[in-house]
Amino acid sequence: MNDEQLAIWALTRIKGLGPSGIRKLIEKYGNAVSVFESAAGEGYRKSKVSQNILGQLKSGFDSDEMKSDMLDTIVEGSEVVVFTEEEYPAKLKTIFDPPPVLYSKGSLDCLDGPTVAIVGSRKPSDYGRRMARKLAEELASAGVTIISGLAFGIDGCA
């Protein structure tokens with residue numbers, strides 16, 4: 001993990017700062033590390049950033065702490081790709097408010113073909129779990145990529 005990935009990860013942890021706000025700050029200051037460096041200096045003097053967010057930015061980020069936090073959060077064997085990297089899927093960049101950080105297992109090239117997200121209850125019935133798995137298996141066998149936010153329940157089953 002490089003400093004830019006860790007700084008973007010840190011930005012996702014700031015309360016009140018969503019994906020579009022993160023993108024705007026990075027566009028304005030050049031990269032995520034500079035977003036934090038500018039907050040520590042005078043870079044936000046005429047900015048429209050709320051005092052709450054500015055206070056969180058001024059506290060900076062600890063690379064070791066963010067790396068530990070990121071490693072505790074991601075599933076073992078997963079890769080982390082941030083939206084400023086070339087590997088970030090082009091199709092995903094075209095949606096409204098794409099996520100700043102992606103976790104993936106395997107190649108992201110599979111997103112160039114047909115994709116589907118299977119979502120549902122976080123507390124599914126046994127029947128719901130079986131059907132989510134069966135649907136995901138059949139779609140995957142047909143060459144469709146299953147996308148999941150890895151939430152509990154149906155998402156996880158898929």
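The largest pocket has a volume of about 720 Å³, where a pocket is, on a 1 Å grid over the protein atoms alone, an open set of points where a 1.4 Å probe fits, with protein on both sides within 12 Å along at least five of seven lines, and a volume is the space filled by probe spheres set on the points. Its lining holds 22 residues, and Tyr-103, Ser-104, Ile-146, Ile-147 and Ser-148 lie nearest the centre; a lining residue has an atom within 4 Å of a point. Two or more lining residues come from each of α6 (90-93), β2 (101-104) and β4 (145-147), with the largest share, four residues, from β2. Helices (H or I, at least four residues) and strands (E, at least two) are DSSP runs, numbered from the N terminus.

The model is predicted, and local features need pLDDT of at least 70, side-chain atom pairs count only at pLDDT 80 or more, and totals for chains, interfaces and linings use all residues. Residues are numbered from 1 along each chain as its sequence is written, and side-chain values use heavy atoms, with hydrogens and water left out.

The rings of Trp-9 and Tyr-103 have centres 6.0 Å apart and planes at 80°, so the pair is edge-to-face; rings of Phe, Tyr and Trp (its six-membered ring) pair if their centres lie within 6.5 Å, and planes under 30 degrees apart count as stacked, over 60 as edge-to-face and the rest as tilted. This pair links distant parts of the chain, since Trp-9 is in helix α1 (residues 3-12) and Tyr-103 in strand β2, 94 residues apart. Trp-9, at 0% relative accessibility, counts as buried, whereas Tyr-103, at 39%, counts as partly exposed; buried means under 20% relative accessible area, exposed over 50%, and partly exposed in between (1.4 Å probe, protein chains only).

In helix α2 (residues 19-29), Ile-22, Arg-23, Leu-25, Ile-26 and Tyr-29 are buried. They cover an arc of only 165° around the axis, which puts them on the same side of α2, the arc being that of the directions from the helix axis to the C-beta atoms. On the other side of α2, Lys-24, Glu-27 and Lys-28 are exposed.
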